[in-house]
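The sequence and structure are shown first.

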Amino acid sequence: MAPRSDAGDQRVNPIPISLALEEIITGGIRQRLPDSASARFGTMLAGERTLDGRQEIVVCGTVNAKTSSGVGDKPFIAKVYPDASSRFELVAMGDETEAARLQIGGTCRAAGLPIPDPKMHL
């Protein structure tokens, strides 16, 4: 799944991830995993912004979970809409390809939420 370009059109104001927000994020990601019990979350960064008059919280992070291709870290971008009963939207989740990881990582950096990629060596 490729990220939509709107995720990086506007930088966000970084915010701490509250316990309630973390539960929304982890619950939303787990629903999209074939083996949700195996999910282990890594770094997660969040920021808020108003886009087209709508408040949203953008979240970038990684999840390590079992999939059909094995176990591995997958970067993700998600949005939570506080004005819409904290609705969760998964924008993109990377697969094991370097191209997907780079695309999601670039989108997160553009939003001001750079997530460390354990497979990238600088």
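The points below are grouped by topic.

The structure is a predicted model, in which local features need pLDDT of at least 70, side-chain atom pairs count only at pLDDT 80 or more, and totals for chains, interfaces and linings use all residues. Residues are numbered from 1 along each chain as its sequence is written, and side-chain values use heavy atoms, with hydrogens and water left out.

**Disulfide**

- A search of the whole structure finds 1 disulfide, defined as a pair of cysteine sulfur atoms within 2.5 Å.
- The disulfide is formed by Cys60 and Cys108, with their sulfur atoms 2.1 Å apart.
- Distant parts of the chain are linked by this pair, since Cys60 belongs to strand E3 (residues 54–67) and Cys108 to helix H2 (residues 98–111), 48 residues apart; helices (H or I, at least four residues) and strands (E, at least two) are DSSP runs numbered from the N terminus.
- The link of Cys60 and Cys108 is left-handed, with -100° about the S-S bond.
- Cys60 counts as buried at 1% relative accessibility, and Cys108 counts as buried at 1% as well. Buried means under 20% relative accessible area, exposed over 50% and partly exposed in between, for a 1.4 Å probe and protein chains only.

**Helix H2**

- The 14 residues of H2 should span 20 Å at 1.5 Å a residue, which agrees with the 20 Å between its end C-alpha atoms; the expected span is 1.5 Å times one less than the number of residues.
- The buried residues in H2 are Ala100, Arg101, Ile104, Gly105, Thr107, Cys108 and Ala111.
- These residues lie on the same side of H2, because they cover an arc of only 160° around the axis; the arc is that of the directions from the helix axis to the C-beta atoms.
- The face turned away from the buried side of H2 carries the exposed residues Glu98 and Ala99.
- Thr107 has a relative accessible area of 15%, and its C-alpha atom is separated by 9.2 Å from that of Cys60, 47 residues apart along the chain.

**Aromatic contacts**

- The count comes to 1 aromatic pair, where rings of Phe, Tyr and Trp (its six-membered ring) pair if their centres lie within 6.5 Å, with planes under 30 degrees apart counted as stacked, over 60 as edge-to-face and the rest as tilted.
- The rings of Phe41 and Phe76 have centres 6.4 Å apart and planes at 85°, so the pair is edge-to-face.
- Phe76 is buried at 0%, whereas Phe41 is partly exposed at 23% relative accessibility.
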